[in-house]
Amino acid sequence: MTPWNNESLSSCAYADPYAAPDPHDSPWQTPVHVRDDLDYFLPPPNPAERLNRALAPRDERRLALNVTLTAAGIPPMPEDRAVIDQISALPADVNTVLQRWLHHAL
């Protein structure tokens with residue numbers, strides 16, 4: 001019995017695995033215009049389309065505390081939510097002092 005040898009098969013086409021693919025065969029869509037693939041700035045927001053809602057002071061303190069903790073390298077865990085809500089319910093000056101302490105910890 002003759003062992004199987006891949007080199008003797010003349011019907012197989014050779015494919016170079018390192019060859020660059022033809023740009024026309026690319027599965028990625030090409031931009032229509034030359035500069036369509038570049039980043040661009042979004043238009044400024046229209047003040048007439050803004051929502052007329054203001055956050056409650058407690059919610060503002062809660063968001064500010066989350067931001068300050070994250071900036072200090074202490075990202076709040078999901079189980080910390082109840083404690084952050086309780087701290088946010090304290091007077092504004094307590095929250096301000098706590099944020100100042102965290103900013104100095106940076």
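**A chat about helix α3**

User: Which residues are buried in α3?
Analyst: Asn95, Gln99 and Leu102 are buried in α3. Buried means under 20% relative accessible area, exposed over 50%, and partly exposed in between, with a 1.4 Å probe and protein chains only.

User: How do they sit around the helix?
Analyst: Looking down the axis of α3, the buried residues fall within an arc of 60°, so they line one face. The arc is taken from the directions from the helix axis to the C-beta atoms.

User: What kind of model is this?
Analyst: This is a predicted model, where local features need pLDDT of at least 70 and side-chain atom pairs count only at pLDDT 80 or more, while totals for chains, interfaces and linings use all residues. Residues are numbered from 1 along each chain as its sequence is written, and side-chain values use heavy atoms, leaving out hydrogens and water.

User: Back to α3. Which exposed residues are on the face turned away from the buried side?
Analyst: Asp93, Trp101 and His104.

User: What do the buried residues of α3 pack against?
Analyst: They pack against α1 (57-71) and α2 (81-89). Contact means heavy atoms within 4.5 Å.

User: At what angle do α1 and α3 pack?
Analyst: About 10°, with their axes 10 Å apart. That makes α1 roughly parallel to α3. Angles under 35 degrees count as roughly parallel, over 145 as roughly antiparallel, 65 to 115 as roughly perpendicular, and the rest as oblique. The axes are lines fitted to C-alpha atoms, for helices over the stretch in contact, and angles run from 0 to 180 degrees between N-to-C directions.

User: Which residues make that contact?
Analyst: From α1, Arg61, Ala64, Leu65, Thr68 and Leu69. From α3, Ala92, Asn95, Leu98, Gln99, Leu102 and His103.

User: New topic. How many helices and strands does the protein have?
Analyst: 3 helices and 0 strands. Both are DSSP runs numbered from the N terminus: helices are H or I, at least four residues, and strands are E, at least two.

User: How much of the protein is buried?
Analyst: 8% of the 106 residues.

User: And Gly73, where is that?
Analyst: Gly73 is in the loop between α1 and α2. Its relative accessibility is 57%, so Gly73 counts as exposed.

User: How far is Gly73 from Leu102?
Analyst: They are 29 residues apart in sequence and 9.7 Å apart in space, C-alpha to C-alpha.
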